[in-house]
Amino acid sequence: MTTEDVQKAIDDIRPMLQADGGDIILSEVKDDTVYVKLQGACGSCPMATYTLKLGVEAKLKELFPNLKEVVAV
């Protein structure tokens, strides 16, 4: 799992978040953990945790089975 591979996957996820007024930026990939920044509507949405865990993390775990978790920073 390289930073470039994760970035490509996030670029595929990004349009879904942008459609709701949000965005996601890859911050870092370290020790099988992905760190992201949620922005716009996603940054202040009470459902952001669900979006992060059930949406973004679930999709990335499909692509990268060794992924431990996705963390918002």
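Helices (H or I, at least four residues) and strands (E, at least two) are taken as DSSP runs and numbered from the N terminus. By this assignment K30 belongs to strand β1, which covers residues 22-30. The structure is a predicted model, in which local features need pLDDT of at least 70 and side-chain atom pairs count only at pLDDT 80 or more, while totals for chains, interfaces and linings use all residues. Residues are numbered from 1 along each chain as its sequence is written, and side-chain values use heavy atoms, with hydrogens and water left out.

The predictor's confidence in each residue is given by pLDDT, on a scale from 0 to 100. For the protein the mean pLDDT is 90, and 100% of the residues reach 70 or more. Among the elements, the lowest mean pLDDT, 76, belongs to helix α2 (residues 41-44). The highest, 93, belongs to strand β3 (residues 69-72).

The protein contains three helices and three strands. Their order along the sequence is α-β-β-α-α-β. The radius of gyration is 11 Å, close to the 11 Å that the globule rule gives for 73 residues, so the protein is as compact as a globular protein of that length. This radius is taken over C-alpha atoms, and the globule rule is 2.2 Å times the number of residues to the power 0.38. The C-alpha trace spans about 30 × 20 × 20 Å along its principal axes.

Residues were classed by relative accessible area: buried means under 20%, exposed over 50%, and partly exposed in between (1.4 Å probe, protein chains only). Of the 73 residues, 32% count as buried. The protein exposes about 4400 Å², of which carbon and sulfur atoms supply 52%. These areas come from the Shrake-Rupley method with a 1.4 Å probe; for residues, only the protein chains shown count as cover. Contact means heavy atoms within 4.5 Å. Of the contacts with a separation of 6 or more, 44% are between residues 24 or more positions apart.

For the charges, Lys and Arg count as positive and Asp and Glu as negative, with His and the chain ends not counted. The place of a charge is taken as NZ of Lys, CZ of Arg, CG of Asp or CD of Glu. The protein has 8 positive and 12 negative charges, and their mean positions are 3 Å apart.

K30, in strand β1, is partly exposed, with a relative accessible area of 44%. The C-alpha atoms of K30 and Q7 are separated by 13 Å, and the two residues are 23 residues apart along the chain. D31 lies in the loop between β1 and β2 and is exposed, at 56% relative accessible area. D32 is in the loop between β1 and β2 and counts as partly exposed, at 32% relative accessibility. Most residues other than glycine have a negative phi. D31, although not a glycine, has a positive phi of about 50 degrees. In D32, also a residue other than glycine, phi is positive and near 60 degrees.

T33 is found in strand β2, which covers residues 33-40. T33 is buried, with a relative accessible area of 8%. Not counting residues up to four places away in sequence, T33 touches E28, L67, K68, E69 and V71. V71 is placed in strand β3 and is partly exposed, with a relative accessible area of 23%. Apart from neighbours within four places in sequence, V71 is in contact with T33, V34, Y35, V36 and L52. V71 and K53 are 18 residues apart in sequence, and their C-alpha atoms are 8.7 Å apart.

L38 is also found in strand β2. At 18% relative accessibility, L38 counts as buried. With residues up to four places away in sequence not counted, L38 touches D23, I24, G43 and A48. L38 and G22, 16 residues apart in sequence, lie 7.2 Å apart in space, C-alpha to C-alpha.

In helix α1 (residues 3-18), D11 was examined. D11 counts as partly exposed, at 36% relative accessibility. The C-alpha atoms of D11 and L52 are separated by 15 Å, and the two residues are 41 residues apart along the chain.
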